[in-house]
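I opened this entry to record what I looked up, chain by chain. I start with overall dimensions and then go to how the parts meet.

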Amino acid sequence: MKAQDRIRFSVVFSLICLVVLPATYAKTSIQNFAPNPPLGFNSFDSYLTYLSEDKAYALMDVMAEKYLPFGYEYFVIDAGWARNVELYPGSMYPKKSKGVAMDEFGLLEPCQMYFPKGIKPLADYAHKKGLKFGVWFIRGIPRQAVEKNLPIKGTRYFARDIADTSSVCGWNQENYGINMTKPGAQAYYNALIDKLAGWNIDFVKADDIVPDPLEIVAVAKAIEDGGHTMIYSLSPGDVHYPTHVTYYRRANMLRITADIWDNPQSIEKGFIAWEKFQGTERPGFWPDLDMIPFGRLTVVATPDIPNVAEDRRARQSQFSQDQMKTFITQRAMAASPLIIGGDLLTMDDFSYRLLTNRNMLACNQNGVMGVNVYRAGNIDVWLTPHKTDPLMGWIGIFNRSTSPRNITLGKKDLGLIAFEKSYDLMAVRQPFRLESIWSDETITIEDKHVFAIPAEGVLFLKFHQMQ
Amino acid sequence: MKAKDIIRFPMVLSLIYLAVSPATYAKTSIQDFAPNPPLGFNSFDSYLTYLSEDKAYALMDVMAEKYLPFGYEYFVMDAGWYSAMDPKKHQDLGLESFGVCVVRQDYFPHGIKKLTDYAHKKGLKLGVWLMRGIPRLAVEQNLRIPGTSYFARDIADTDSVCVWNGSNYGIDMTKPGAQTYYNTLIDALAGLGIDFIKVDDIVPNPREIVAIAKAIEDGGHTMIYSLSPGDVHHPAHLPYYKRSNMLRITRDIWDDPLSIEKGFWAWEKFQGTEKPGFWPDMDMIPFGRLDVVNQQARQSKFNQNQMKTFITQRALAASPLLIGGDLLTMDDFSYSLLTNRKMLACNQNGVMGVNVYRAGNIDVWLTPHKTDPLMGWIGIFNRSKSPRNMTLDKKDLGFVVFEKSYDLTAARQRFRLDSIWSDETITIEDKHVFAVPAEGVVFFKFHQMP
């Protein structure tokens, strides 16, 4: 080969590589962002909508030091960061809202009181610490932008051309929905997502969006067409329709419960939602049982602040230790994203141990939603199969009553089953080793066993089939 | 930049691409093989276990000419290609030295490789049926597992047997040599150019499901992997079923009304478990001439309305479409249903529809378009034996929206409904009276209007 031919050959070869390989693989797909359930922290349960910059840095420091080694990487600021407020003198608690903070295109801006230096320095700090950074936003365009009829960035359209003033949120009056059939509508979401990506945001929690498939898809397109790597999470969690699952799956996380707090009803809501959505998970798409209200909650609503609802007062989580084990075991076995809600700055040791238990986290990151295999007399057994090895998995025996129970269960009750010769469902012949996650107990089950389950508690076991 | 550098720069760039890209992407994953529901033909409904070479070539010729243009590409030979289905006569099996079945000399005197080459030349892909486990004959002769120091008796689980087929024993996957056996089997089939395997008696045995998936993936083979039978599922086994491309979800389906009902039950049970690469499978389509090799030879007993119901179920449920009837003698009506491009577009959309309405033997199922919430398909099924006129409104049809307080209400807009099985177009403002024949269906593509 002559030098010229060699140049030509290698140039052509390079061009083939450049054209063919990226064309095949480079298209951004949201489904590739979260191969396992995301782990992180969200500010709402502890800081409500009043997280300020100094606290955010302090929380990230603690998170990077104490939680990141266990995989908790997404630091997410919930609502409030893009709203101007008037504060009570001497506090960071707002007296009243002064409207959405936005730019000349109606795109979100940081609250000057809470984030005077902007969001980008926070995201950059997170990245320096090895964390990823997320923010909340609500579906639609600010009503203030519609009143002023601001231009849609990069288009010849205006806010009133794309706003659907009949599409409003029942619990938040900041925005109007967007009519996605209008020209300029997609450009608005593209501009919003591009702006957040410009601040190096890695995660968006879009609220009021679950009921609106067209806008779910529009935000997904804005992320993918913009080439951004951004986890996409959908809220709220109690307005689903089964034919919309296809569009929910354009996101990485779908809230499947209404807001969850530190009360027994929230634990029941977890079982109900888990059962309903079991089997819909896929790598990249994770039904989300909401934040984990362990530790100190609503810490910003200190006693000196007037006019705070009783359930918003600063408190230690009202869960008992057994309720906490039940709560986190549900999320481990349902492969829910684990987003800590309690204040990381003041987290108690017991909560911290549950949240960072490596055996619990291994079950969660296995990425398979467990199945309810037994239910009688307030006792539920759920089995989460290991994603690749049929000889192992996890079992949770839950006591959904308020009294302790001793329950005798056979291998078949536990879901340790095989199809015999005539395809009859039978207990597996082999014994199983059951290792308790929340204690050091190990059980070998040949046939059946008596399990002692505390009131509202759980026995959480990793199982292995023995020879 | 000097000439030498000019050479070096793009070469280095190329090498970086070659090094990075294959390392990142080249691992074979079965889930990449079937981004949409597979389409093809399976020989069982028409040729049972008695398909011979001359018929296979004739069928492939017709398939390539008349069906491949519509996407039907997998030509699958069911049981019988390596033995007659007589459990008492498993001695008739021909075995390779290592215990893998060889093709029947009487039916396929020129072997399988020639068939696969022919299929590929025609643009088709070729599949074969297999049985879980190792031939009992190999265990009796205690043949060596190639490349290992183990023998058939080391890996066979003689307690693990199939009740309806006595040719094989299951394999104890905890034994050394067990995975190697499946690797050898799959490598041998891949060497024959096989593109698709239908593995029977395997659904109840997750470890063997996984073992064959590993054999395909670790061997680097591109081979569609289909699991049977269809009535022995356990929900905790779903992650292992998802290692394959197709999972039978019904028992054997034939040309009778009960088979249509079985379709609805299975569809409802498995709805939502599909994903690109994994397709719940409602079994073959018994249209046209069936059982052509024996005294049961007949034209499908389905009437035209039943046929429309049957194929609409599979379109709306994104089931693989495997034609069962004899391609050599297919009637025009069956052919027109099987090759209807609008029906196929719904099937290849790849989303299992949802039951949105059920009352008085009327079912409405809605299949959302995979990317566009403004369109999709609906089927209004009459599961009774009398024709029905049914008034349904937009909410009954699943055209819903969540209003201000998250109340589920009918969408405000009008919808255009284009019938797939006729030329009718309906605009629905509020409600409409639908005439649905006995055991029939009206099948529409819908669009929300501005």
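I first checked whether the size of chain A fits its length. For 467 residues, a compact globule would have a radius of gyration near 23 Å, and chain A has 25 Å, which agrees. I note that the model is predicted.

I then took the extents of chain A. Its C-alpha trace spans about 85 × 70 × 40 Å along the principal axes.

Next came secondary structure. I find 13 helices and 25 strands in chain A.

How much of chain A is buried? Buried residues are 49% of the 467 residues. I also looked at contacts in chain A with a separation of 6 or more: 71% of them join residues 24 or more positions apart.

I moved on to chain B and repeated the list. Chain B has 13 helices and 23 strands. For its 450 residues the globule rule gives 22 Å, and the radius of gyration of chain B is 25 Å, close to that value, so chain B is as compact as a globular protein of that length.

The box for chain B, taken along the principal axes of its C-alpha atoms, is roughly 80 × 75 × 45 Å. For contacts in chain B with a separation of 6 or more, residues 24 or more positions apart account for 71%.

Into which domains is chain B divided? I have domain 1 at 29–348 and domain 2 at 354–448, as given by the domain assignment. The centres of domain 1 and domain 2 of chain B, taken over C-alpha atoms, are 35 Å apart. I listed the residues in the contact between them: 14 come from domain 1 of chain B and 17 from domain 2 of chain B.

I wanted to know which helices of domain 1 of chain B supply the side that touches domain 2 of chain B. Helix 10 (257–270), helix 11 (304–316) and helix 13 (341–348) of chain B each supply at least two residues. Helix 11 of chain B gives the most to this side, with six residues.

Five are nonpolar, six are polar and three are charged.

Conventions:
Residues numbered from 1 in each chain as written. Chains lettered and ligands numbered in written order. Predicted model: local features only at pLDDT ≥ 70, side-chain atom pairs only at ≥ 80, totals over all residues. Helix = DSSP H or I, 4+ residues; strand = E, 2+ residues; numbered from the N terminus. Rg over C-alpha atoms; globule rule 2.2 N^0.38 Å. Buried ≥ 20, exposed ≤ 12 C-beta atoms within 10 Å, placed from the backbone. Contact = placed C-beta atoms within 7 Å. Nonpolar A, V, L, I, M, F, W, Y, C, P; charged D, E, K, R; others polar.
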